[in-house]
Structure formats: C-alpha cells, structure tokens
Amino acid sequence: MQIRKELEEILKEIGVKAPFIELEVPRVNSHGDISTPVAMMIARQVKKPPREIAEQISKHLCCLSAYERVEVAGPGFINIFFKPEYLYEQLKKLLISPEETLRMNIGNGQSIQIEFVSANPTGPLHLGHGRGAAVGAALSNLLEKAGYSVEREFYINDAGRQVWLLGESVFARYCETFGVDYPFPEEGYRGEYIKEIANELKEEVAEEYINRRYDEVAEFFIDYGVNRMLQWIRRDLEEFGVFFDRWQSEKTLYNEGIVQKCHEELRKKGYLYDKDGAVWFRATEFGDDKDRVVIKSDGSPTYFASDIAYHWYKLQRGFDQLVNIWGADHHGYIPRIKAVIKALGQSEEKLHILLVQMVNLLRAGRPVQMSKRAGEFITLREVIEEVGSDITKFIFLTRRPDSHLDFDIEVAKKESSENPVYYVQYAYARINSIFRNAEEELLKDLEKSDLTLLRQDEELTLIKKTLFYMIMFEGAVRELEPHRVTFYLQELAKLFHSFYTKHRVLGNKTELSRARLALCKAVFMVLREGLSILGVTAPEKM
RNA sequence: GCGCCUGUAGCUCAGUUGGACAGAGCGGAGGUCUCCGGAACCUCAGGUCGGAGGUUCGAAUCCUCUCAGGCGCACCA
C-alpha cells in the first residue's frame, strides 16, 4: 500500500506540498477501492479548479501498474480501482510476512511514556479506573506495534494527606479490634477493606502499636496500608489483563531529592517566587489563569509540588513523547501542567493529555451509587467477575474515551451474549475450526497457493478489508485512538461471516480450497493482531 | 459567573486534521440452512445530526449565539 507515497511524488512534480494526504475507503463500490480528496484540498493553494488538478493527478496514477483505472468524480475526488493482481500480490505479502506488513513502523524507535490509571492507593479500583486501564493498555500496545518504544507507568500517590488518612483509618480499625477507642477520622476511609487490613495487622504485630499516638506510628500504618492496597490494585489489574513496566512512587520523588532539585531549577529560572508566606509557581507566564501554590504557608507541599517534579523527572528521563491518561474530572489541571512543561523549556507538544470520561455504573437502568469514603461501591473486580474482562474492555474500547459512558451491568451481560466481542471472537474461532478440519496437506505453504482463484465478490471485498487494516492502523496511531481498532475488527468479522456463509472453504477442488484457506489465514492474522492490541483474548474454540 | 466534555435512528454508539446520497450493533418486521461451528447470513422499516445564524465549491465536523446533561473552577488530592 504505497498510494500515499505515489501521490506525494506526483504532487511534488506538480510543485505542491500537501501536509497530509487523506485516503478514504469509500462506502460505495462505484467510488473506487480507495479515494482521496487531495485535489480539492490543494485547490485553493494552486488556484486551479479541483477537477482540473484531479485530472492531472489521475493521469500520472494511471500509468502505475497497480491500478485498473483511476476516475475523477464529483467535485474532484480521485477514485482508484485496484487490479485484482495487485490485491493478490499484497495478500501474498501479508501471508509471507504478517508482522512487517501489519506493524507499520511509524514511531521509528521514538520513546514514549504512557502514564495511566495512577489510582490513589487508598481504596480498590472502580470501573472508571478500569476504563483508563483499558484505554491506556490498548494505546500502549498500539504504539508499540507502530514501532515506538513504550513504557507503561503507574504513578503512586503515596505521599500527602490522602494516604495519611488511609493510615489513620487503618490505625483506628486496628485499635478497634482490641477494643481500644480511637476516634475514626472524619474524612477517613470507611470501607470494609480497611477492617481487613486491620485484622491482618492484629495477626502480625499483635498489640505492639496500641496506646500510641497516631502521628508517632503513622509511617508504619501508612506504609502497611499503601503496600496492601497496591498489592490489591496490581492483582486486579493483572486479572483485567493490564500490566505496567514501572511503578513510580511520589514519596520516592521526595526522598531522592527530585522534588527539591526541580524546584531549585525553577527558582533559578525565576518561575518560583514567595508571597504571603507561600511559594508560588508563575503559571500565568505560560497561559494558566492564575499562579499556583507549590508550598503552602504552613510549609507543607501541595500535590502540585510533586506533580511538577514528576513531569520534570519524566522529561529528564529523556522520553520523546509523554502521554497522560487522566480522568476527565482533572481537566482543569491541564493548563498548569502544560505551563510546567513550558517553564521547563520544553515544547508542550511533547505532552499529550488524554481525558477519559467518567463511567456511570447502572444495573438494569438504575444508578449504582458510588462513594469511596462511605465505602459503598462496586469495584472493578466485581464487575469483571460478573461481566468478564473481555466484554468489559470491549465496551470501553468501542467508545471514544471522551464520551460519557453509562455502563449497565445487565445490558453488558445481555448484549455480549448476542453480539459485540463474541461476534469478533467467533469469527476467529470459526477460522480455527476450519483449520482443524482441513487436512494437513492443504495447509502447507498457503502463501504459494493460487490466489487468483479468489474472484468472488465476497472474497475480493474481504481481501481489501484485510489490506486496509494498515490505513486504519495508521490513523489510530496518528490520533492516539485505539477504539478505531475495535470498529475495524467488527467490520472485518462481519465480512468474514458473510463470506463464510456463502462460500465453502473446504471440500472444493484442492487449489480453490487452498486459496480460500490462505484468505482465512490472512483474516486470522489480522484478527489476532487487532485483538492483541485491544488486550482481548483470541479463542481457538468457544 | 467562568472553563472543559457530551448531545447523531426507539436504545447503545461510530462517522478517518471539512468531502460524494448520514453508518453499525441492539431492539422491531420478514426471510436463509441437506454441507467447514446458527454465538451465523440476507432483506426491510427507522434520523430536519439538540436549536438558530455564519464561514465555503461543500458542514454532523470550523466560528458565534442558544438549550440540555455531565465535570471542573483551593495555600484539597
């Protein structure tokens, strides 16, 4: 698939530079296999009517052997029809080297760090975290396959007030198990899991910490609580099929002097200043609404203090690009973090902040109330136990991240038995089943089979669809949109089921069967590749 | 009050840096199967793209205003 390159060259000959050449797969067959509006896009620049430019371009394209014909249509579309021979050739290429073909090298080894989930270690993960996890993991996989060197990182907020409260909550419950009265912190965490930790502690340390003041033993309780929470978080994520390369602790940023070093640098540049007994960051210099407090007048740092340092540290580590996946409730935070990046002398383009909208959890149309403090909520773990990981991920990945999402547990279970994930997985299982039924002889060296026997509409359509995976892939990478993969897979599965219903693979003349098996193999590889981006299993049987 | 996100078929959602008559799944109606897995396939019905202006060859997409829902506007995290 090198149409884009060819078009670029033609444009160069004509003396035009187009920033990005858009290729579309038209809905209507008569509009060609591939179509491009590029002539219309440059019409203004060249000051010629689009159709005239289109004619000129299409004349050049006509000479190339891959195309059967090239038409100019409508206001100036260039519609390209492939020669079947070209399709067979590309299909063969896919069969011979699936990895090289399906994994376009776009990133060229650039390093990119993706930070996601980063849930506070003060309670179990909920469904919103699950959405971030699914999106982050899929995006990571996508970029990795596109030739980026990806690091998946989880940032742990293990410093500050929230974990202080976690420790105190555990401490209170711990005292309680000995019948010792300690007032439960007003904003403490009231979930059952806190009691679980307290009971564990009772086993482990007996009454060692009884009758002490909390601030004397806080460190112990915080560490214990945080570690236990992280264990659970990690376990739940693993169960969900999401893994991280690195877990960065906020506390470590303090202990290793990273926060201090970063602040010194900013101070030197004049971007930190003192006012009213506090230390401020000059965010307004870089487009934020107001300057932001970094160290409060009581001497304690704000959350922002370490967040600045965290981003500084990421940049220090030399990534070419950074991606932060945040819950949409943090959107107000974007200008100040972008300001930090700029203050550190880096281009804000380096940092992509992807907002993932909130998830409303419903059961049969009725909202399920969620409140972490009160300890009433349904966890990610409970949802994946009831609904299943594949289904849950698939639901998250069939929506744009910034769309609001009502996740109805009952609907999720019902719908999935009738369609979305299983539909795609079923196509995969079907192909596997065909392979199981086929005689071994037939399956040998499929790339050498006579692909020109694939002449039926359904076959040609299916071949094109598998080849157009690359167009979808490129767009998904460019826009950081893994959900495009999900939609593509559904379309591919649909075309496969259609083909399967209409044409028999096995039991034909040997060569036709082999050609169709080859086609199945190609679909098989694309499905497997796509599902692996989504982190959804590709079952051989189901 | 200010800012961000969302509003597309009865429901859940896509719609490729503005492109050809607006798409899919579910639900509804009707059909397909002697055979590789029916968790399948095919057909039909169904939308003034929240509303009003504007920009242009061309708008679901961009701009302005407006309505509705969600979320933010701390020396909280």
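User: Are Phe-435 and Phe-524 buried or exposed?

Analyst: In this predicted model, Phe-435 and Phe-524 are both buried.

User: How many aromatic pairs are there, and how are the rings of Phe-435 and Phe-524 arranged?

Analyst: The count comes to 31 aromatic pairs. For Phe-435 and Phe-524 the ring centres are 5.6 Å apart and the planes stand at 65 degrees, and because planes over 60 degrees apart count as edge-to-face, this pair is given that label. Phe-435 belongs to helix H17 (residues 420–437) whereas Phe-524 belongs to helix H22 (residues 510–534), so the contact ties together parts that are 89 residues apart in sequence.

User: Which residues do ring pairs link into a cluster?

Analyst: The cluster linked by ring pairs includes Trp-164, Phe-171, Tyr-174, Phe-178 and Tyr-182, and Tyr-209, Tyr-214, Phe-220, Phe-221 and Tyr-224 are also among its members.

User: Where does the charged end of Lys-393 sit?

Analyst: The charged end of Lys-393 sits over the ring of Phe-240, 5.4 Å from its centre, and Lys-275 lies over the face of Trp-280, at 4.6 Å from the ring centre.

User: How many disulfides are there?

Analyst: A disulfide is a covalent bond that joins the sulfur atoms of two cysteines. Here the count comes to zero disulfides; Cys-175 is buried, with a relative accessible area of 2%, and Cys-520 is buried at 1%.

User: What domains is chain A divided into?

Analyst: Chain A is divided into domain 1 (3–82), domain 2 (161–226) and domain 3 (419–534), and the C-alpha centres of domain 2 and domain 3 lie 56 Å apart.

Technical notes: Residues are numbered from 1 along each chain as its sequence is written. Chains are lettered from A and ligands numbered from 1 in the order in which they are written. This is a predicted model: local features need pLDDT of at least 70, side-chain atom pairs count only at pLDDT 80 or more; totals for chains, interfaces and linings use all residues. Side-chain values use heavy atoms; hydrogens and water are left out. Domain bounds come from an automatic or database domain assignment. A disulfide is a pair of cysteine sulfur atoms within 2.5 Å. Buried means under 20% relative accessible area, exposed over 50%, partly exposed in between (1.4 Å probe, protein chains only). Rings of Phe, Tyr and Trp (its six-membered ring) pair if their centres lie within 6.5 Å; planes under 30 degrees apart count as stacked, over 60 as edge-to-face and the rest as tilted. Helices (H or I, at least four residues) and strands (E, at least two) are DSSP runs, numbered from the N terminus. A charge sits over a ring if NZ of Lys or CZ of Arg is within 6 Å of the ring centre and within 35 degrees of the ring normal.
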